[in-house]
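The sequence and the structure are shown first.

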Amino acid sequence: LFPGWFGFLMFAALLALGVAFWLFATYDIWRSFQLVGEWQRLNVYRRGKFKRCLKKGFVRKRPLFESWGKPIDLRIRIARWQRNLVVTADDYVANPEMAIRYQVNQEEPWKSETELEDFDELVLTSAETSMPTVGSEFTLRDIQSEKAEARLKELCQGKVGTLGTVLLLSVTDTGIAPETQAALNARATLRAQAEGLLEAAELE
């Protein structure tokens, strides 16, 4: 009924599909076994729906029907950065250098993957957006105080919620902006001049 070449093409196409499926199935069966470290957790999804979170050891999933998530790291993570300008309570512009230590929720680690796309980005963004509030509540002198650190950690933890724990969040360097440094120098110069005039008046 069909030309010989058409039948040959159909046969070749079916053969290629069969080989592709065999390769895919073989690969999926091979990667159905994983080794999870003591500091890791691994999510399993069935048809895109979360099914379970596996702990350390040699683990497996059902080939073709289930898929792996990304390994979830339970260890403490550390980051340092300097990005955003803030205005302090005494109207100085600063660009604080910040340091943070955090980790995923140890009791429900699967949520760091099932409820958001990027856990690290959530924490760092929460810290950055909390800094302007802290800057407006503290002076340039006090922005590195323990009270400011506790306030910064409180705000960041509130935004991260139950997805993780902020262990430490602090300002390690004030990072004074050039205009602020110029204003401080000008103030110091005026203060020195005033003190000099007072001393001169006392000598007279």
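Two strands are taken to pair if DSSP finds at least two bridges between them. In this predicted model, five bridges join β7 to β10, and the two strands run antiparallel.

## The three-stranded sheet

β7, β10 and β11 form an open sheet in the order β7-β10-β11, with antiparallel pairing. The edges are held by β7 (77-81) and β11 (164-173); each has a single partner strand, so one side of each is left without a neighbour in the sheet. On average, neighbouring strands of this sheet are turned by 15° against each other, direction ignored.

Strands of a sheet pair through backbone hydrogen bonds, in either a parallel or an antiparallel arrangement.

## Strand β10 and its partners

β10 spans residues 97-104 and pairs with β11 in the antiparallel sense over eight bridges. Within this pairing, L169 in β11 is the bridge partner of I100, and T165 in β11 is the bridge partner of Q103. I100 in β10 also has A79 standing opposite.

How many of the eight residues of β10 are buried? Burial here means under 20% relative accessible area. Six of the eight residues of β10 are buried, so this strand is largely enclosed by the rest of the structure.

Helix α4, residues 146-160, lies across β10 and β11. Relative to β11, helix α4 runs at about 140°.

## The largest pocket

The largest pocket has a volume of about 240 Å³. Its lining consists of K70, P71, I72, D73, R77, S112, E113, E117, D118, F119 and D120. Which elements give two or more residues to this lining? They are β6 (72-73), α2 (111-114) and α3.

By residue class, the lining of the largest pocket divides into seven charged, three nonpolar and one polar.

Technical notes. Residues numbered from 1 in each chain as written. Predicted model: local features only at pLDDT ≥ 70, side-chain atom pairs only at ≥ 80, totals over all residues. Heavy atoms only, no water. Helix = DSSP H or I, 4+ residues; strand = E, 2+ residues; numbered from the N terminus. Axes fitted to C-alpha atoms, helices over the stretch in contact; angles between N-to-C directions. Contact = heavy atoms within 4.5 Å. Buried < 20%, exposed > 50% of the residue type's maximum accessible area, 1.4 Å probe, protein only. 1 Å grid on protein atoms, 1.4 Å probe; cavity = no way out; pocket = protein on both sides within 12 Å on 5 of 7 lines; lining within 4 Å. Points joined across faces, edges and corners; volume = space filled by probe spheres on them. Nonpolar A, V, L, I, M, F, W, Y, C, P; charged D, E, K, R; others polar.
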